[in-house]
Amino acid sequence: MTMDGWIRIANDIKESYERFDGFVILHGTDTLSYTASALSFMLEALGKSVILTGSQVPIFDTRSDGLDNFLASLVIAANYNIPEVCVFFGTNLLRGNRTSKASATSFEAFQSPNFLPLAMANVKIEVDYRLIFRACTMEKFYVHASLNRNVGLLRLFPSITSDLVKVFLQPPIEGVVLQSYGLGNIPTNRDDIIEELSAATKRGVIVVNITQCSTGCVSDTYEAGKLLQKAGVISGFDMTPEAALTKLAYVLSKKDWDTETKRQMMQTNLRGELTAGRPPKIQDWDLVEAVARSLRLSSTVELQELGSILFPAMLNAAVVRRDVVKLESLRGYVSNLQYLKFYVTNNYYLFQ
């Protein structure tokens with residue numbers, strides 16, 4: 001699968017968008033996460049389910065997982081309001097741009113290391129509507145069918161040479177996903193590498209820092225991470241390598257954005273692909289779940305109803321205290337409540 005394949009799939013969906021309620025894409029597993037991530041950015045203002053699935057064992061094999069994955073994907077795409085590009089595999093429906101292939105042999109081949117499943121398909125299909133990402137603007141669906149191909153992944157390793165880094169950052173490269181150590185660190189004794197990265201960012205190359213670890217996110221907690229920030233490298237927070245690379249290809253292809261806007265967009269949550277500035281935990285739902293346990297409520301519907309009662313009270317309390325941080329965090333968890341809108345005017349939050 002290449003970028004040409006992503007563009008072809010996106011255009012096929014565009015041609016059939018008005019005639020179908022949802023779409024299921026059968027795909028090979030090795031590059032499936034790249035395709036899911038790319039489509040999540042290319043399908044602008046998406047209002048229908050797009051689900052990618054496949055199998056670890058060929059579908060005509062006796063023990064294939066292909067049929068179950070295919071049928072479950074069809075059922076979900078046809079019956080549930082999940083306007084995202086998703087991956088279904090095993091028993092989990094995952095946000096596409098949060099996935100990575102984690103196993104070459106397991107039927108649960110894909111993981112979403114920094115984000116919970118959108119739905120689980122066991123005896124019943126349970127959708128967690130709290131997690132679904134919905135756009136805050138009303139637009140007609142369209143496809144962004146151009147991608148910048150001058151992007152790449154650069155993984156740090158012990159004794160990596162500055163010459164290798166220099167060559168990698170040379171034109172025509174325009175964007176690089178840097179996979180650094182731990183919390184986004186680079187050895188403090190590698191001034192030679194820092195100099196090459198700094199020179200590249202000054203030329204306009206966008207370098208995005210993500211962690212080599214399968215879970216967690218980058219930060220500037222340590223001096224080693226701050227060195228990259230000083231060199232002009234921007235944070236990719238908790239994006240997967242697949243999401244960071246395809247997002248770079250998408251953002252760099254936006255001809256009406258200048259370099260600074262592109263840098264800002266890479267650090268902005270466009271499709272639910274990253275959690276910026278805080279761990280990816282739904283802490284504000286802890287109260288809802290605690291009350292639900294005390295009332296012995298367990299179903300998704302009951303939790304949704306309880307949340308719709310408690311969240312307005314949380315929002316109101318935050319407004320009274322003028323707690324902007326709390327309001328921003330709450331906004332991320334109420335995007336599925338279509339009737340609720342709020343915005344900032346002269347430092348006041350207005351609700352309707």
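Me: What makes the crossing of H7 and H8 right-handed?

Reply: In this predicted model, the crossing of helices H7 and H8 is right-handed. The word applies if the near helix is turned clockwise from the far one by less than a right angle.

Me: Why is H7 called roughly antiparallel to H8?

Reply: The axes of H7, residues 241–252, and H8, residues 259–266, cross at roughly 150° and come within 10 Å. Angles over 145 degrees count as roughly antiparallel, so H7 is roughly antiparallel to H8. The residues in contact are Ala 244, Lys 247, Leu 248, Val 251 and Leu 252 on the H7 side, and Lys 262, Met 265 and Met 266 on the H8 side. Sorted by class, this contact of H7 with H8 has six nonpolar and two charged residues, and no polar ones.

Me: Which residues make the contact of H2 with H7, and what are their classes?

Reply: H2 contributes Ser 33, Tyr 34, Ser 37, Ala 38 and Phe 41, while H7 contributes Glu 242, Ala 243, Leu 245, Thr 246, Lys 247 and Tyr 250. By class, six are nonpolar, three polar and two charged.

Me: How many aromatic pairs are found in the whole structure, and why is the pair of Phe 20 and Phe 23 called edge-to-face?

Reply: The search finds five aromatic pairs. For Phe 20 and Phe 23, the ring centres are 6.2 Å apart and the planes stand at 65°. Two rings pair if their centres lie within 6.5 Å, and planes over 60 degrees apart count as edge-to-face; the pair of Phe 20 and Phe 23 meets both conditions, so it is edge-to-face. Phe 20 and Phe 23 also belong to one aromatic cluster with Tyr 17 and Phe 141.

Me: What makes the pair of Phe 41 and Tyr 250 stacked?

Reply: The ring centres of Phe 41 and Tyr 250 are 5.7 Å apart, with the planes at 25°. Planes under 30 degrees apart count as stacked, so this pair is stacked. The pair links distant parts of the chain, since Phe 41 is in H2 (residues 32–42) and Tyr 250 is in H7, 209 residues apart. Phe 41 and Tyr 250 are both buried.

Me: Why does Asn 269 count as partly exposed?

Reply: The relative accessibility of Asn 269 is 34%. This value lies between the limits of 20% and 50%, so Asn 269 counts as partly exposed. Asn 269 is in the loop between H8 and H9. Not counting residues up to four places away in sequence, Asn 269 touches Phe 133 and Leu 274.

Me: Why does Ser 159 count as exposed, and why does Ala 45 count as partly exposed?

Reply: Ser 159 has 64% relative accessibility; exposed means over 50%, so Ser 159 counts as exposed. Ala 45 has 23%, a value between 20% and 50%, and Ala 45 therefore counts as partly exposed.

Me: Which form does the peptide bond from Pro 171 to Pro 172 take, cis or trans?

Reply: The bond is cis, with omega near 15°, whereas most peptide bonds are trans. Pro 172 lies in the loop between H4 and strand S12.

Key: Residues are numbered from 1 along each chain as its sequence is written. This is a predicted model: local features need pLDDT of at least 70, side-chain atom pairs count only at pLDDT 80 or more; totals for chains, interfaces and linings use all residues. Side-chain values use heavy atoms; hydrogens and water are left out. Axes are lines fitted to C-alpha atoms, for helices over the stretch in contact, and angles run from 0 to 180 degrees between N-to-C directions. Helices (H or I, at least four residues) and strands (E, at least two) are DSSP runs, numbered from the N terminus. Angles under 35 degrees count as roughly parallel, over 145 as roughly antiparallel, 65 to 115 as roughly perpendicular and the rest as oblique. Contact means heavy atoms within 4.5 Å. Ala, Val, Leu, Ile, Met, Phe, Trp, Tyr, Cys and Pro count as nonpolar, Asp, Glu, Lys and Arg as charged, and the others, Gly among them, as polar. Rings of Phe, Tyr and Trp (its six-membered ring) pair if their centres lie within 6.5 Å; planes under 30 degrees apart count as stacked, over 60 as edge-to-face and the rest as tilted. Buried means under 20% relative accessible area, exposed over 50%, partly exposed in between (1.4 Å probe, protein chains only).
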